[in-house]
Amino acid sequence: MDKIDNNSILFIGLSNEYCNLIENVTEFEKGELIDKLIKILPRLYISMSDIELTENDEYIYIEPHLEEIYYDSVRRNMEGIFGEDDTYLEVFEEDMKFSETPIAASISECLADIFQYQYDFIHSVKDAPQSHIKDFINVCRENFETYWGQTLCNVLRALHNIKYHADNI
């Protein structure tokens with residue numbers, strides 16, 4: 001049986017920590033929440049990028065566990081905290097190449113999207129046999145490369161801008 005490496009264990013822990021933070025955002029003021037996000041998002045990024053993709057003959061799928069109502073509730077909670085700072089201009093949007101007008105993105109939606117990946121991942125590995133955990137991590141790594149890694153970088157840029165260039169925290 002393949003042993004789960006330290007990087008994978010770290011990533012599982014950080015994913016759980018991120019989910020707990022997002023689920024409890026209403027406990028924080030905007031500045032405190034931004035500070036916590038600015039600390040955990042880079043750690044999530046680094047821990048996932050330290051995990052190597054492995055070959056797998058079997059197709060593994062991370063089942064969706066997050067219900068749309070809960071996703072929307074979490075997103076709205078964050079939107080309420082960020083207020084007018086929730087919207088930022090996105091420069092890495094594929095449609096930006098063809099647009100003459102700026103494309104807006106939402107911090108709360110980006111964070112909720114990352115939350116959805118982490119939530120589904122955590123719920124998949126929670127009761128999985130050890131032999132499947134590496135497969136789930138592999139799927140999460142693939143999703144990181146194609147979607148949520150870029151989203152994480154984009155939202156971190158927006159959070160950085162609020163923390164260091166806004167007068168309203």
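**Salt bridges, helix packing and cysteines**

Glu79 and Arg75 form a salt bridge, with their closest N and O atoms 3.3 Å apart. The model is predicted. Its salt bridges number 7, and its disulfides 0.

- Glu79 and Arg75 sit 4 residues apart in helix α3, about one turn of the helix.
- Glu79 is partly exposed at 34% relative accessibility, whereas Arg75 is buried at 17%.
- A network of salt bridges links Asp72, Arg75, Arg76 and Glu79.

- Asp85 pairs with Lys30 in a salt bridge whose closest N and O atoms are 2.6 Å apart.
- Asp85 belongs to the loop between α3 (68-82) and β1 (87-90), and Lys30 to helix α2, 55 residues away in the chain.
- Both Asp85 and Lys30 are buried.
- Glu17 and Arg43 form a salt bridge at 3.3 Å, N to O.
- Glu17 is in helix α1 (residues 6-23) and Arg43 in helix α2, so this pair ties together parts 26 residues apart in sequence.
- Glu17 is partly exposed at 35% relative accessibility, and Arg43 is partly exposed at 38%.

**Packing of α2 and α5**
- Helix α2 (residues 30-49) packs with helix α5 (residues 130-165) at about 150 degrees, the axes being 9 Å apart.
- This angle makes α2 roughly antiparallel to α5.
- The crossing of α2 past α5 is left-handed.
- Residues in this contact comprise 18 nonpolar, 3 polar and 3 charged.

**Cysteines**
- The closest cysteine sulfur to that of Cys19 is in Cys140, 9.9 Å away and too far for a bond.
- Cys19 is buried at 4% relative accessibility, and Cys110 is buried at 11%.

How values were computed:
Residues numbered from 1 in each chain as written. Predicted model: local features only at pLDDT ≥ 70, side-chain atom pairs only at ≥ 80, totals over all residues. Heavy atoms only, no water. Axes fitted to C-alpha atoms, helices over the stretch in contact; angles between N-to-C directions. Helix = DSSP H or I, 4+ residues; strand = E, 2+ residues; numbered from the N terminus. Parallel < 35°, antiparallel > 145°, perpendicular 65-115°, else oblique. Left-handed = near helix turned anticlockwise from the far one by under 90°. Nonpolar A, V, L, I, M, F, W, Y, C, P; charged D, E, K, R; others polar. Disulfide = S-S within 2.5 Å. Buried < 20%, exposed > 50% of the residue type's maximum accessible area, 1.4 Å probe, protein only. Salt bridge = Lys/Arg side-chain N within 4 Å of Asp/Glu carboxyl O.
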